[in-house]
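Good morning, and thank you for coming.

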Amino acid sequence: MIFWQNILDKLQDNQKIYVLTVIENFGSSPGRKGFKMLVAEDGFIFGSVGGGVMEFSLVEEAQQLLQEENQPTYIKKQVHKGNIKDGSGMICSGEQTVAFHCLDSNHISVIENIISCLQNGEKGSLCLTPTSFYFSHKIIKNQFDYQISSKEDWFFKEHIGFKEILYIVGGGHVGVSVSELFIKLGFYVVVFDNRENLNTLEDNYFAHQKQVIDYNNISNYISKGNSSYVAIMTNKYTDDKLVLSKLLKNNYKFIGVLGSKAKLQTMWEVLLKEGFTQEELNKINAPIGLSIKSETPEEIAVSIAAQLIQIKNRI
């Protein structure tokens, strides 16, 4: 979000900028697909396409082009194997291809659409070609889709928007710490609580959305499917059980409950008596988070993050 806002600020200041985007990489290249860098007319730079002497050289190239009358769109291959053809000056092995696109005030609406997509939890795609840099509301299946046939015939598409949504049920201190960390991890974060005027909910400036709801209707607020992660951490046992009973039969990528093993064992026994099956209970990650003896809200957030990353990246 910050990257795109910086671009918008420069375009609204009537500056031309170059956006450098890694559209292909192999081996141990320091720049990965989707890495981006902003180079503005006033010398401002933001982001990275891999760092080191290679990045310094590309930035200088973009800065020089911004001083000229015309700013071309092109791709440049960088091979990280020392002093060879297309060599980047780096010796880390691997290679990457970087696209150069010059943007001006005519692209303001494109950047505004990208920012709006991110702010509203929507999805779309960034599309790059030798002649265009635009945003589409069409969703691509994977994070990236690209093809390079030649320097004049190529395209690159990147998913824009949050692929994963974390729903935090419970707006207490732990919920604040979890929100802060998961924002940095690229999740769209939504926090629910059933208490009005709760200071920790009102002061949670990290979450994208915050709502005070009736937990009896919690299922109506959480999207089913493999992009949804649910962390239940209300302020009392009865609410944890209520929320879990409303969500247990739904399909989510992850559902976990914060609490002691003793409390959770009691909850399982009650839920079994109410007709839920052991198979359904086995889907629950409880106590939520990896077992690392976490105690503070911040430590608990780290344990939850480690567990969800493990699940998200599982092949």
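This is a predicted model: local features need pLDDT of at least 70, side-chain atom pairs count only at pLDDT 80 or more; totals for chains, interfaces and linings use all residues.

In α4 (173-184), residues H173, V174, S177, V178, L181 and F182 meet P297, E298, I300, A301, V302, I304, A305 and L308 of α9, where contact means heavy atoms within 4.5 Å. By class, this contact has 11 nonpolar, 2 polar and 1 charged residues; Ala, Val, Leu, Ile, Met, Phe, Trp, Tyr, Cys and Pro count as nonpolar, Asp, Glu, Lys and Arg as charged, and the others, Gly among them, as polar.

Residues are numbered from 1 along each chain as its sequence is written, and side-chain values use heavy atoms, with hydrogens and water left out. The helices (H or I, at least four residues) and strands (E, at least two) are DSSP runs, numbered from the N terminus.

The axes of α4 and α9 come within 8 Å and cross at roughly 50°. Axes here are lines fitted to C-alpha atoms, for helices over the stretch in contact, and angles run from 0 to 180 degrees between N-to-C directions. α4 is therefore oblique to α9; angles under 35 degrees count as roughly parallel, over 145 as roughly antiparallel, 65 to 115 as roughly perpendicular and the rest as oblique. The crossing of α4 and α9 is right-handed, that is, the near helix is turned clockwise from the far one by less than a right angle, with anticlockwise giving left-handed.

Next, α1 and α3. Helix α3 covers residues 108-119, and α1 packs on α3 at an angle of about 150°, with the axes 10 Å apart. α1 is therefore roughly antiparallel to α3. Their crossing is left-handed. From α1, W4, Q5, I7, L8, L11 and Q12 meet I108, I111, E112, I114, I115 and L118 of α3, a contact of 9 nonpolar, 2 polar and 1 charged residues.

I turn now to the pockets. How much space lies in the largest pocket? The volume is about 1000 Å³, taken as the space filled by probe spheres set on grid points joined across faces, edges and corners. A pocket, on a 1 Å grid over the protein atoms alone with a 1.4 Å probe, is an open set with protein on both sides within 12 Å along at least five of seven lines, and lining residues have an atom within 4 Å of a point. This pocket is lined by 30 residues, and Q143, E158, G161, F162 and G186 lie nearest its centre. β9 gives the largest share of the lining, 4 residues.

The second largest pocket holds about 280 Å³. Its lining has 15 residues, with P287, I288, G289, L290 and S291 nearest the centre.

P287 also belongs to a cis peptide bond with A286, with omega about -5°, and P287 is placed in the loop between α8 (278-281) and α9. Finally, N197 has a positive phi near 55° although N197 is not glycine; N197 lies in the loop between β11 (188-193) and α5 (199-202).
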